[in-house]
Amino acid sequence: SPFFPSRSRPGDIIFFIIVNEFCERFSYYGMRTVLVLYFKYFLLWDEDFATTIYHTFVALCYLTPILGAIVADSWLGKFKTIVYLSIVYAIGQVVMAVSAISDITDTDKNGTPDNMTFHIALSMLGLILIALGTGGIKPCVSAFGGDQFQDHQEKQRSTFFSIFYLSINAGSLISTLTTPMLRAHKCGQTQQDCYPLAFGVPAALMVVALIVFIIGSPMYTKNPPEGNIMVKFGKCVGFAVKNRFRHRSSQYPKREHWMDWAEEKYDKLLIAQVKMVLKVLFLYIPLPMFWALFDQQGSRWTFQATTMNGNFVSTVNPILILILVPVMDSVVYPLISKCFNFTPLKRMTVGMFFAALAFVAAALVQIQIDKTLPDFPSSTQGQVKFINMVNSKLEIQADNHKINLGASEDYLTFNNKFFLFLGPKQNHSVTLDNGTRNTIAITEGSQLEYEKFNDITSKPEKGANAIRQVFSSHFRNLEVHCSDWWFSLCGSAKFIIKDNNGNVCDYTQELGFGSSYTLIIPPTFRFGDCSENITSVMDMEPNSFHMAWQIPQYFLMTSGEVVFSVTGLEFSYSQAPSNMKAVLQAGWLLTVAVGNIIVLIVAEAAKLPDQWAEYILFASLLVLVCIIFAIMGYFYTYIDPAKIEAQFAEMDPEKKEKMKNLEMPRKGSVEGHKEERRSSDSSCDDEETRQTKI
């Protein structure tokens, strides 16, 4: 076949590997899309702790690829590593789905598990297995696909990796669209959000991925393990450090580079290759800060969306990626290159700056959201709202606050205790619990009396609406019926009010996202037109800032990702020896892991009271890192590893000492940049340079 390896029917090999990758990426991103919401709304963790566990999981997913690469290249080979770790992966996804079934321990059928420890333990076990699986197979699948093509099939291999990359983004896009809809379904005996379905479908897709991959086994080329270059790289560096430490005395002559201390054990070609890799790894030092901001799309930005009005916009990122990658390559880069030399390191700097701007945009959005939030009491104060349930206007006094009370009064803040004056000789000492909101209803018996109710102290979650009713003492025999006092969607809620005499009327309350209302049934209530007899008091305003305002920050972040990530991989592989590209891939993935760890450190250490301030802090840190990286890039000298290796191999042993003179002297030169990607030894380069989601 002109496209596929000649030993198999057209489409056979590419079908199994592409379908496997599509299903695996659907499984991973589908689970991750709703993960932080599962932590908050099912496991009932607060946002800070949910964010901590989320980023710990993502960091682990990007640490385990190093382990997977070592196992594949040193012991099991790529095929067995993929199969064994995919089994672990699938088990982890199934465990996550089971952990989300509240009915397992919800014996009292109230919608909340009775044994939360059981569900947390299962969740953590599932996430650890998933991290081992997805991280372990990450460096193996693409390389295994490249192994299926022979050296003369370079064009077919390149086309395969293009389709491979498309399957990654297609799986990511479809999963981020469908998984939130699966979660929105109601399931279980108490009709809760269906996290078992949201996790179960990705689990099923992972099982399908495993089965499809195994079915194609007879047609695969399975190269035996040949030793891991990362292990060899680490041993060479370790020996150089140890040998330099042994000869730290001034009696030993200095060597030009500290890696030259490995010459006693390793050949100079390997040492030269290690030096080239170390130059690039040095540039990696500032990069984790970019990923620290980027991966908060799945945590902080998700929580931000839950306090806004509209539908969730997590699908913006994969859609923009599919649009921006070809636009950048075909339009933006060629136009810029006509004006000045837009080198890879300059592109990466711009990408980091875009990410910082994205967090500035997120901070501006958060400021607008905060303006719509209620003014909740501090931990040492309490708040009270007064409601008049008497058939006349009242004049009351709460400490120094004199109130002419019609239907209701807005919340007032007090320090734990205040005196309520309802009339002559009617002084009451009212105690408030710290940090609480309360409603005091003034009623009429033989004299004015009051009744205190506890109010909710946070916005209703997930855009739901909280509604309660307060009766006048004249209507103790009234009944108010509604299917649910927490309404999950905006629109309207219908109430049926009836008494023991068979009188009935309906009342409809219009709702928004995240609002709270008190329905007052006053002494003047009469059956007939309920809308004229019932007073609705808004305790919390609905979310009024629309989610569409998040689109600019997603656009900036995705633009930064395309410019930074794709260019970074392309630059890295163009500057690395052909046999050490796996080392750079591991180093690149490690920057993602470190970035997620930075989120944990900064968020815990800063303890900022306002979320917008935390966004500005991260943006400021990235701008600082961006400046440092720009300076490092300015002094970086581009090299051509393929030319250096070729000339090195032709030299006599005594001339190899002049290796350092072969570096290209012109800063900003990218000669050999495209040539390196066409090297027959870099079977995964074309795919890896495009890949932003793997």
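Predicted model: local features only at pLDDT ≥ 70, side-chain atom pairs only at ≥ 80, totals over all residues.
Reader: The charged end of Lys279 sits over which ring?

Author: Residues are numbered from 1 along each chain as its sequence is written, and side-chain values use heavy atoms, with hydrogens and water left out. A charge sits over a ring if NZ of Lys or CZ of Arg is within 6 Å of the ring centre and within 35 degrees of the ring normal. At 4.8 Å from the ring centre, the charged end of Lys279 sits over Tyr636.

Reader: Thanks! And how far does Arg347 lie from the ring centre of Tyr333?

Author: This is another charge over a ring, with Arg347 over the face of Tyr333. The distance to the ring centre is 3.9 Å.

Reader: Are the rings of Phe545 and Trp549 stacked or edge-to-face?

Author: Rings of Phe, Tyr and Trp (its six-membered ring) pair if their centres lie within 6.5 Å; planes under 30 degrees apart count as stacked, over 60 as edge-to-face and the rest as tilted. The centres of Phe545 and Trp549 are 5.6 Å apart and the planes are at 10 degrees, so this pair is stacked.

Reader: Does Trp45 count as buried or exposed?

Author: Buried means under 20% relative accessible area, exposed over 50%, partly exposed in between (1.4 Å probe, protein chains only). Trp45 has 12% relative accessibility, so Trp45 counts as buried.
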